[in-house]
Amino acid sequence: MEKISRTKIIDLLASDKFGTTINVKGWVRTRRGSKQVNFIALNDGSTINNIQVVVDLANFDEEMLKLITTGACISVNGTLTESVGSGQSAEVQATEIEVLGAADNTYPLQKKGHSMEFLREVAHLRPRTNTFGAIFRIRHHMAIAIHKFFHDRGFFYFHTPIVTGSDCEGAGQMFQVTTMNLYDLKHDETGAIDYKNDFFGKQTSLTVSGQLEGELAAMSLGAIYTFGPTFRAENSNTPRHLAEFWMIEPEVAFNEIEDNMQLAEDFIKYCLQWALDNCMDDIQFLNNMFDKELIDRLNFVLSNEFVRLTYTEGVEILEKAVADGHKFEFPIFWGADLASEHERYLVENHFKKPVILTDYPKEIKSFYMKQNEDGKTVRAMDVLFPKIGEIIGGSQREEDYEKLSRRAKEMGVPEKDIWWYMDTRRYGTAPHSGFGLGFERLLLFVTGMSNIRDVIPFPRTPNNAEF
Ligand code: 4AD
Ligand code: MG
């Protein structure tokens, strides 16, 4: 076959250089036609759109043609021609075809309309479907948007460790990291496991948040963000929880809770606008296939201010709903941790807009949050979204050494694990705030998918770490 440098399908479809000889490579989506002419829909991942390859069967070897089946990878030399029937502007009249990789008839993505559950079982191949091609291109673009948002505003991307000796959220939902022989564990005099001979000489886990180290960085670089993998061993088999997810955590010196809320709102809106500006083909496809309200919902959030209210006000609304006959699965009262159904009631039924709830009871929030004068609440903020519930969790941080130390003790966070964190409050402490955005929760909103397992390439959930 003549060597011609490859052009991506996205560029071919945008080209009007009809008559030129080109090379295109990709995977066969479908093949149809008559005894004389066949039409191959070819996709190379550069765009959701396929290019049509027109094959005059008489010009090609029969044995080679047999190998051009759904899933096969081919390289085509041909003439770019203006298309009349394929729904695209350009197509390729094939002159030479090489089968780079045949796919036998066990290829699982034969027919259209596989269920999302089935596609999770073939997560190694599902990026080859239109849906997952769209989702993973959007995922890429959103990562770029996030870096651009912060970079343009003078934030520094700060890398926090993945292996850690502290439990930031204090929830004890950590995966242990060890090189010890689990069949022959050594114990100390008290009968406890002796970690002195473990790899790090102490007990370590995968991080549940980069926040504590992020705060150290904010106290020197001023404004930072982290963006990395995060691990939680919570046994929640829900459409919104992963054991391994990605979190973005900005942390800003001198910001108070109001600044933090504004940053969160600006940040999310920037990401949504970016999606509409850069991923419209893919979003349009998902809108048509799965969720006819997706684009409207994105525009709606962009054009409305987030509602801001306190937890106490939120609970009053929910209690009134119950009094008016609304049924929740979980009880609602001041002090209760809000369930997803409560959050969604506020957002979807009551305000019909994204909501930022602040000033939660201190008992249901982490030790590091700034304590309010009332002695009961902390300066927490959760951003609640339609269809998702909590998309962001954050707070102003307690900058006072004594108050923080007392709260850590009360909540059973051992100071020996966080002495370095406490040092920030001893050496030039300052008001500061930050939050964490769950990357996959953002992607749920942007793609309209209903299960978080479908917006990460290889989901890790209870009883599932395949691929
Ligand atoms: O509310 P969370 O637990 O807050 C923190 O971790 C803070 N340290 C953040 C900070 O202030 N820097 O988690 C933050 C967000 C949640 O709002 C949610 O979007 C996401 O992370 N998240 C999860 N996403 C997927 N699967 C899980 N198991 C998640 N747990 C939290
Ligand atoms: Mg939270």
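Student: How far apart are the centres of domain 1 and domain 2, taken over C-alpha atoms?
Tutor: This is a predicted model, in which local features need pLDDT of at least 70 and side-chain atom pairs pLDDT 80 or more, while totals for chains, interfaces and linings use all residues. Residues are numbered from 1 along each chain as written, chains are lettered from A and ligands numbered from 1 in written order, and side-chain values use heavy atoms, without hydrogens and water. The domain assignment, automatic or from a database, gives domain 1 as 9-101 and domain 2 as 126-173 + 208-454. Taken over C-alpha atoms, their centres are separated by 45 Å.

Student: Which residues of domain 1 lose the most area to domain 2?
Tutor: The area buried between the two domains (accessible area, 1.4 Å probe, lost on being put together and summed over both) is about 620 Å², with 40% from carbon and sulfur atoms. Within domain 1, 72% of what that side buries comes together from W27, R29 and I48.

Student: How many salt bridges does the rule find across the interface of domain 1 and domain 2?
Tutor: A salt bridge needs a side-chain nitrogen of Lys or Arg within 4 Å of a carboxyl oxygen of Asp or Glu. Across the interface of domain 1 and domain 2, the number found is zero.
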